[in-house]
Structure formats: structure tokens, C-alpha cells
Amino acid sequence: MAARLGDIVARLGGELHGDADLMVEQVAPLDSAGPAHISFLSNPKYRPALATSTAGVVIVPPKDGEGLERTHIRVRNPYLYFARVAQLLNPDSRPAAGVDPMASVHPGARIHPTAHVAAGAVVGEGADIGAEVVVGAGSVVGEGVRIGAGSRLHARVVIYPHCVVGERCILHSGAVIGADGFGFAREGDGSWVKIPQIGRVLIGNDVEIGANTTVDRGALEDTVIEDGVKLDNLIQIAHNVRIGEHTAMAACSGVAGSTTIGKRCMIGGSANIMGHIDIVDDVVVSAVSFATKSIPEAGVYTGSVPSMEHREWTRNYSRLRHLDSMADRIKALEQQLATLQGNKED
Amino acid sequence: MAARLGDIVARLGGELHGDADLMVEQVAPLDSAGPAHISFLSNPKYRPALATSTAGVVIVPPKDGEGLERTHIRVRNPYLYFARVAQLLNPDSRPAAGVDPMASVHPGARIHPTAHVAAGAVVGEGADIGAEVVVGAGSVVGEGVRIGAGSRLHARVVIYPHCVVGERCILHSGAVIGADGFGFAREGDGSWVKIPQIGRVLIGNDVEIGANTTVDRGALEDTVIEDGVKLDNLIQIAHNVRIGEHTAMAACSGVAGSTTIGKRCMIGGSANIMGHIDIVDDVVVSAVSFATKSIPEAGVYTGSVPSMEHREWTRNYSRLRHLDSMADRIKALEQQLATLQGNKED
Amino acid sequence: MAARLGDIVARLGGELHGDADLMVEQVAPLDSAGPAHISFLSNPKYRPALATSTAGVVIVPPKDGEGLERTHIRVRNPYLYFARVAQLLNPDSRPAAGVDPMASVHPGARIHPTAHVAAGAVVGEGADIGAEVVVGAGSVVGEGVRIGAGSRLHARVVIYPHCVVGERCILHSGAVIGADGFGFAREGDGSWVKIPQIGRVLIGNDVEIGANTTVDRGALEDTVIEDGVKLDNLIQIAHNVRIGEHTAMAACSGVAGSTTIGKRCMIGGSANIMGHIDIVDDVVVSAVSFATKSIPEAGVYTGSVPSMEHREWTRNYSRLRHLDSMADRIKALEQQLATLQGNKED
């Protein structure tokens, strides 16, 4: 879906320099964009690519626009502007309203007339599917689940009974919302007695949840994902966790039970967050790092161990087992040296 | 579903102090429980919460019950007792027996008349579905699979052909049982030749398997999950693994091929277990730790690296590459110092 | 399905010693093989098992065959030969051609007459399903998806619109191909603006993808999985990644966005690969290791930290925080000692 450049700028703002009548068809990276494409410069290291790019129009920071002869838009945050242009040129294609004859909808479910329920989907008793919601092929919506207006479940999402999904959420295939938390009491013989998980999962508005990510229902109270949270693929959110507004978590990360994460945090890929801790707002946990205790101050926290050539690793990491004795030996050396020096000064 | 307190104690034991006619409606944590709730004190650090809690009844260890004026039950293991009360008040709601008209059941499958097969489920030839089993919406049960009495497959579980699930098991959504193990032989040119995975997965009784967890079928022999094992979400169990009775594994952990884990082990979240090793009974592998070799003795094993403030990490972890030379320098210092001291003593 | 030993050797090569008329029924490991089984010796440590094995025939390297009295086949690579015998004895059982009446196929999809679409599967408009393809129960094939001849989707695979799967691929249950990459621009208030992911996933020929593995579609260009790549379970491949021919990745590993991995690499279980890096051909990243930067040379790269007895870990790992000061103290000791020695020499 093409758009006139002048209309884009009228809608999204920015300072247009050049041909307002250019028809923009698609977004593209600088190095492969053609005359009907719009591209952007955000990282200064791509300036050489800007010089050679054949993009019809580029989005640049004001200082990079100075003296630039080609058609461009000057904005403070080119990447954000680019995201908005990309949304404009690639509107979500939603299927037509209605329930597919090969879906199974309980007569006691409420489906808004503008919603779409695809083939193979199953919607349970008392479920409430809001306006313009899409329930994808093979998705299963449990009893009493509420899904707010404009949300989209891609194919094969499962929402267990009584969970709540807000408005304009996107849930990707294989996501499982509201499975039982991992809660057991131990018998004297080591066997386990299951603790019924009677809480729910409450998901706010504008949340995106990635493919095959799991968010467990609470044990006694609810697991809560606040507005604007973005979860990537294959993430585990355990029972009773609360994740604050606009926090983003990259793939394969996990949060153990009863932990609270603040607003606007960024959790790197494969990061692990211990259970029963509190992390304040605006914390970054780096990729492949393990947050083992509460983090009371905003900042960046890291604990990953980089890989190296195998022989080098063998040499160095074998010492990890001897760090304690190395520390003791340094201390002993310091004392002996102090004695020696003391003697010398005598 | 409410229960009279006296009836609860008659059924589960414990020493009741207070009003046997109290109607208990639900379990709740100390800080949010009301007069119709039952709560428990297990960890002494919650004693202050006990004092202020408005719970109708609390479960406490005998010594905390002494002198306690409120209605309470004294038992040795309050958390275990709480689990049993929670089960009593929250019985599993199983759908009515029968095969949904939108399920697809092969005429050569045996479905017990008390079992339920939900909409969108697919059951293959020769499958044997036991008494009171629930096959959830969209679940796929392969040819020749046997599922024991009372087991429940939540929505969208897959069991590949010829695997066996015991009695009273719970499999959560997205679990995949019996996909091919990762077995290939390498050609001279680096390409891979698939080794057919002809083993099965055998799952014992009272096993729980979490959402999106995968248990691969054996290469030549079977992958075995013994009775009472509890697996959390997003866990990988590779081919030919055996996991002993009552072992519990937390989310995102993984076990590589042909490893044996003993009984009553506890494997922490995101822990990794190397392939082809043996771990004895009663071993704990801590969260985010990597068990790289056989563990012949019960105990706790750990190898995680905690995260820290990013600058501190940069300072310290950069030294990891130099651990070997640090050790060498300490040794050199010790020798030089010995020489110096020797000289001095001369 | 049994085969005459002479026929096996006629077909697969190798030097047969012994009874060509032996009927071989199945492959089995040395220690459990019976007279109708074929087994193999690859690792010299199993030579004692060879001596006691009751296998009808064994595959051995030439030097182990010398003087061996029992029926055997001599080949250079017994494991590879074993793989081929196993394939011969265990041919893939594909369901009969045709679309199950409980599948939902868009009238605008092309299904080859020799393909099978199982119950509960959903195939979208414009999808193109090749010869002898199997679309498993409950699988969802999006609009415009192309699947090449001979490929098999097991139950409950999802392929998002417009992705391409080559020939003879195997996709296991729960795999999600083409979900949106994790791409957002950040607003000033910390909220996120979604960047439409308009690339596709292109999967070559002879690729195997494990259960619950996710491969995200590209942001602007395509995510590419080249011919012969083997991905185990629960792997995350982020947007714009390219994985070279015949590279194999073990379970729970992950590759962050825009990274390129070369041909014939082997990525160990739970390994993590940073985004925006390049890894050349023939690189091995060990299990549970984190490749944090580009790897310009073939070789083995490792960074895992082995677990140890918990008290030992406590003693040693607490020192990690003090590595920097330990290094400083060693340097100070060296300087002081040099001073002392200098003084002495004066």
C-alpha cells in the first residue's frame, strides 16, 4: 500500500526536504532500498551507506540533513519515525468478521460481531471476545476468558480458563497463558503434592507475547503483565510474577516465581531472574546474565561469561576452582613481604 | 466449594483449636485472607503477618500454636497440609464424558466411555485412552499411544505414536512428547544423515509436565520419566534420558541425551545437565548451573555466576581471561620470595 | 521390515564377512542386540561390549574386523553406515494422500494430489503444498506459504504467511516459523512502537526443525535457514539471522537478530549467540557457551562454567567480584618485590 510522501509527513510530522509527490511503496534498509522506498539513518556508522543508497527518501537526524541534496525528512528520532512509516505502509491485515464454520464456540461464549474466530479455534463457555479481536486458527480460549478489543491471537495460542487479556494485544503462535504454576508441597518420602493454582493471568493493554512463550497463572493471587510489556519468544514467566509497564524481555529469558519487575526495564536474551526478588524501574539486565537478588537501583547489571578459544578457556577456567586458594596465597605473600620489608627497615 | 472446618480436620488430620463449624471457602495468603479463608504459617519470617492476618483459620506448626487464641490447626508440616486443603477446596473440574463432535477419533482407537475428548482433538489408530482421561482441545494423540486412567492432557498437547503415559498424569498445553531425538551421523562433506529414532517415551504415573516442554523419544531404546516426576515449562529432555521417581525440574532446564538422573533430585530453573552422565538420587543442581560430569554423591551442586553492576562486571570479568597468568605470577612471586627469605636466612 | 544381510551390503556397500542370508530385523545397541539385530562399534571403548554382544551382525572399522569370527561388515565409518541401515529398516510411514474431511483448506490453496493434509490442519489462501508433503494434525499453514516436495510437518506446526519451506524438510510439533521478529522503536516515555516485520523465513532443502523451536521472520529482509541445517528443540532463531548449510544446533540454543552463522558449524545445547555478529564456517560453539563477538576463524569456542559442590562454589565464586583487586594486588607485590630485589642487589 503506497502513500504520497507529502501525506506521510502531514500525518507523522518531520521536516520534509524534496519531492512531496513521491509515491512511497515500502520501507527498506539503506543498502537495498530503491526509488520507491523510504529508509533511515539512525546510527552514524551507516553514513557511508547513506551516500550510496538509492532510496527514494531517507529519514535523518537534523544535523545529517544539513546540506543533504536528496529527498529526506529531518526528525529527532529517525528510527521511531521509521517505525511509524512502516506501520502506515504495512497495515495489519485482519480477516473478515465472523466465526469460521470449523471453529468450535460454546453457546455460552460472547463473540463480538466484529471479531473473527478462525477454523480449528475452540472458545469455551462464558468467554468474552471483544470487538475486532482475531482468534487465530487452532487457538484455544478457555472458559470465562476475556479478550479486549482489537487483540489478536495468532494460530495455536492457548489461554487457560479465567485469564484476562487487554486491548490491542498481540499473542504469537504457541504462547500458553495461564497454565498451572509449578507449586508442590513435599511429602516425607520425597513425593510431591500439587498445590492447586487458583490465581489467574492478567494481561494489560498493548502487550505483545512471543511464540511459544509461557505465562503461568498465579498460585493464590494473579500473575500480572502490565500495559505495554513486550515479551519475545520462548520466555518463561512463573506464577505470581508482576512485570511493570513497558518492560521488554528478549527471547529465552525467564522469571522465577513471585518476582516483581518494575516499569521500562529491559531484560536481555537468555537472562534469568531469580524468584522472590524485586527489581525497580528502569533496570537493564544484560543478555545471558542471572539476577540473583533484588535490584534496588536503576542501572545496567551483567554477569555473562564470554566464550573464548577452547584451549584458552581450558587454561583459565580450570583456575576458577582455585580462586579461593589464589586469594589466600596473595594474602600470604603480602604478609610475608610486609615482614620482609619490616625487617629491612629495622 | 466450601467445607466445614471440622470436616476438613476429620479428613486430613491435625489438631483443631477453635470453631469446628466455621465454613472455609478458599485458601489465601496470610496478608489477604478474610474470615472465610484458611491460610498457613510455614516460614517463621511471616509470624508478624500471622498476628495481623484476618484469616478465619490458620495452619501452624505446634510450637506456633501454643497460646494462639485464634482458630487454628496444628500440624508438623503446615505447607503440606495447606496443599491438601487447597486440593479439597479446589477439586479438578473435568468436562463430561464423551467425544466432542468436532474431535477426530480414528475408528481403531479405544476411548474409555468415561473419558472426554474435546473439540479439535485428533486421536490416531490403535490409541488407548483410559478411564476418566481428558484429551484437551486441539491435542493430538498419535497411533498406538496409551494414556492411563485419570490423566489429563490440557489443550494442544502432542503425543507422538507409540508413547505411553501413565495414570493421573497432567500434561500442560504445548507439551510435545515423543518427537524425534536429535540423532545424525555425519557424512564426509559435513552433511547429516538422520538416524531414525525408534525408541518411545514412557511416562510413569502421577507425572506432571509443563507448558511447551519437550520430551524426545529414544534413539534405539526408550526415554523414561518415572513415577511422580514433575517437570515445569519449557524443559528439554533429550533422547534416552531416564529421570528417577519424584525428581522435580524447574522451568527452562534441559537434559542432554542418554543421561540418567536419580530419584528425588531437584534441578533448578535454567540448569543444564550434560549428556551421557549419571546423577545419583537426592542431588540438587542449583538454578542456572551446568552439571558437566557424573555426580556420584548426593548433595547440592552449583555453578551459576551472579550478575553485578555493569562496570564492576567489566572490571572483574575481563580478568577471567588472565586467570591462568595470574596463577603463574603468584607462583613466581612465591618462588622469588622464598629465594629472598632463603637469602635472608643465610 | 526385515532385510537380507546380503541385500543390505549390496545396497550400502562395505565388506561383508559371514552369513549373507541372515535376515536383519532391526538395529540395536551392542548390549541389547539379539540374533536378528544389527549393531555397530564406533567408539573403541565399547570393544568389550562387542565381545559379549549377541547381535546377529555388527558393523566395525576394518581394523576391528581383522580376525573377528562373527558375522560383520567392515566399513570406514560404522556410525554413518549404521544410520543408513537404520533408515533402510525403518522407512518413514507416511499417511495416504488426500485431505482429511476435518481439515480446513482454503479453496485458493494448491494441494498436490499426493500430499496429505491431516485432521484439524488449516491451510490458507494461496498456499502451495508440494508432492508427498504431509501436513500434520492441527498444523496451520498461512497464506501464500510454499512447502516443497517430500517435506513433513508433524502435528501442530505453524507456518506464518508467505514463508517458504524447501524439499524433504522435517518440522516437529510446536515449531513456529515466521512469527514476528522482536522489533520496536522506543518512545520518549519508554513505551514501544512496533516495527512491522515484513521479511519472511526461507528454509532450504533437507532441513530438520525440532519441537517448539521458533524461527522469526525478518524485519525488512528474510531470515534464512540454508540446506541441510538441523535444529533441535526449543531453539530461538531471531529475525534476519542466516544459518549456513549443514550447520547443526542442539536444543535450547539461541541466535539473536541479524547474526550470520557459516556452514557446517556445530552449536552446543543452551549456547547463546549474540546478535549482529558473523561466525565463519566450521566453528564449534560448545554447550552452554555465549559467543559474544564475531568469530573469524574456524575452531572450538567455549565459555561455560562447570558446577561444583555448593560450598566449594561459595568459596571460589565469591572471589569473582574481587578478581580485579586480586590482579592489582599481584601487580603491587611484583613491584614491591622488584624493589626489594633491587635494593638487595645494590
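Good morning, colleagues. Please keep in mind throughout that this is a predicted model.

I begin with the relation between the copies. Chain B can be superposed on chain C by a turn of 120° with a shift of 0.0 Å along the axis, and the RMSD is then 0.1 Å. The two copies are therefore related as by a three-fold rotation axis. Chain A can likewise be laid on chain C: the turn is 120°, the shift along the axis is 0.0 Å and the RMSD is 0.0 Å.

Which residue of chain B comes closest to the rotation axis? That residue is Gly120(B), whose C-alpha lies at 3.5 Å. In chain A, the residue closest to the rotation axis is Gly120(A), with its C-alpha at 3.6 Å.

I turn next to the interfaces, starting with chains A and C. Here 69 residues of chain A are in contact with 69 residues of chain C. Between them, these chains bury about 5,900 Å², and carbon and sulfur atoms carry 64% of that area. On the side of chain A, the residues that lose the most area to chain C are Arg156(A), Ser307(A) and Arg321(A), which together make up 11% of what that side buries.

Now the interface of chains B and C. The contact draws 69 residues from chain B and 69 residues from chain C. About 5,800 Å² is buried between chain B and chain C, 64% of it on carbon and sulfur atoms.

The remaining part of the talk concerns helix packing inside the chains. I take chain A as the example to follow on the screen. Helix α1 of chain A covers residues 5-12, and helix α4 of chain A covers residues 78-89. Their axes are 11 Å apart and the helices pack at an angle of about 120°. From α1(A), the contact involves Ile8(A), Val9(A), Arg11(A) and Leu12(A); from α4(A), it involves Tyr81(A), Arg84(A), Val85(A) and Leu88(A). Sorted by class, the residues of this contact comprise six nonpolar, no polar and two charged.

Let me take chain B next. Its helices α1 (residues 5-12) and α4 (residues 78-89) pack at about 120°, with axes 11 Å apart. This makes α1(B) oblique to α4(B). The crossing of α1(B) and α4(B) is right-handed. Ile8(B), Val9(B), Arg11(B) and Leu12(B) in α1(B) face a set in α4(B) that they contact, namely Tyr81(B), Arg84(B), Val85(B) and Leu88(B).

Finally, chain C. The axes of α1(C) and α4(C) come within 11 Å and cross at roughly 120°, and these helices are therefore oblique to each other. α1(C) passes α4(C) in a right-handed crossing. Among the residues that meet here are Leu12(C) of α1(C) and Leu88(C) of α4(C).

Thank you for your attention.

Note on methods
Residues numbered from 1 in each chain as written. Chains lettered and ligands numbered in written order. Predicted model: local features only at pLDDT ≥ 70, side-chain atom pairs only at ≥ 80, totals over all residues. Heavy atoms only, no water. Axes fitted to C-alpha atoms, helices over the stretch in contact; angles between N-to-C directions. Helix = DSSP H or I, 4+ residues; strand = E, 2+ residues; numbered from the N terminus. Parallel < 35°, antiparallel > 145°, perpendicular 65-115°, else oblique. Left-handed = near helix turned anticlockwise from the far one by under 90°. Contact = heavy atoms within 4.5 Å. Least-squares fit on C-alpha atoms with pLDDT ≥ 70 in both. Buried area = accessible area lost by both parts, 1.4 Å probe. Nonpolar A, V, L, I, M, F, W, Y, C, P; charged D, E, K, R; others polar.
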